[in-house]
Amino acid sequence: MSYRNLMSNIARGGGMALSTGFRVKFDFDKADGVKSKLDEQTFFKGFNFHEQFVDEVTLPGAQAATGQMTGRFMGEGVTNYVHQKMFTDFQLGWMCDANMSPFKFMQTWYQYIFQEFNSDGSEIDPVQELGGEEEEKAMGASKFEVNRTTRLQYPENYHCTVRIAKAEKGPKGETGRVSTIHVLQEVFPYAVEAIPLSFGTSQLVKCTASFYYSKHRVVYNEQGRDMLNIPSN
């Protein structure tokens, strides 16, 4: 193939894919689950920071669990066969604003899963609002009982459907040409990574979380069409 034909084929396909083109959308499965707890918080109101501040995405891969069969035919060795899908975890990373909104988002979601109660049976709110910026007031935040109990929420209360769109720059915006949509169902965070802080050169603070999910599929799209509102099933 000549160089001219190669460039023509690349241009016909919309150019080369860039790692900076993507969008993320969260759809919580139950309005009265963790979404209701998030809606109560001040940091969650105003704009979709948890979608717009996403800095890094790991697209889930495809993997199959296999078994082995020996002696199927005379002279044949080990034969591998597929018996089920395997769904690996994925990661999302956010750039944090001064209010640490993405970090609060993940901590509220994570702490909602583990519902805590005092020794007298009263429920402990997973989020404590201080209502001020004073350092002395913040450092003197009230303590909870050490012997408090923990109860887990039902999975359907903290599950979420996440759509990750691979997109390229187009005439209508930075993500105007969507090529694929990764739809992940029953998503929940199982780890919020530690955030290192140190003196020295100032750097942007990042919040990273790892997620599990139960089902994953990929939707193909002709570039130029916005398919972030496709059904979750």
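**Salt bridges and core**

Tutor: Let's start with D27, which is partly exposed at 26% relative accessibility; here buried means under 20% relative accessible area, exposed over 50%, and partly exposed in between, with a 1.4 Å probe and protein chains only. Before going on, keep in mind that this is a predicted model, where local features need pLDDT of at least 70, side-chain atom pairs count only at pLDDT 80 or more, and totals for chains, interfaces and linings use all residues. Residues are numbered from 1 along each chain as its sequence is written, and side-chain values use heavy atoms, with hydrogens and water left out.

D27 has a salt-bridge partner in R163, with the closest N and O atoms 2.3 Å apart. (A salt bridge is a side-chain nitrogen of Lys or Arg within 4 Å of a carboxyl oxygen of Asp or Glu.) D27 sits in strand β1 and R163 in strand β9, so the pair ties together parts that are 136 residues apart in sequence. Helices (H or I, at least four residues) and strands (E, at least two) are DSSP runs, numbered from the N terminus. R163, for its part, is buried, at 4% relative accessible area.

The structure holds nine salt bridges, so let's walk through some others. K30 pairs with D32, and there the closest N and O atoms are 3.8 Å apart. K30 is partly exposed at 30%, while D32 is exposed at 55%. Then there's R72 with E76, at 3.1 Å from N to O. R72 comes out partly exposed at 45%, and E76 is partly exposed too, at 30%. Salt bridges with shared partners also link D55, E56 and K206 into one network.

Now for the nonpolar side. A nonpolar core is a set of buried Ala, Val, Leu, Ile, Met, Phe, Trp, Tyr and Cys residues joined through side-chain atoms within 4.5 Å. The largest one here has 28 residues, and F26, W94, F105, W109 and F211 have the most contacts inside it. Among the elements that each supply at least two residues of this core are β1 (22–28) and β9 (160–170), along with α4 (101–113) and β11 (206–212). The largest share, five residues, comes from α4. Apart from this core lies another, of six residues, including A165, I181, V183 and V219.
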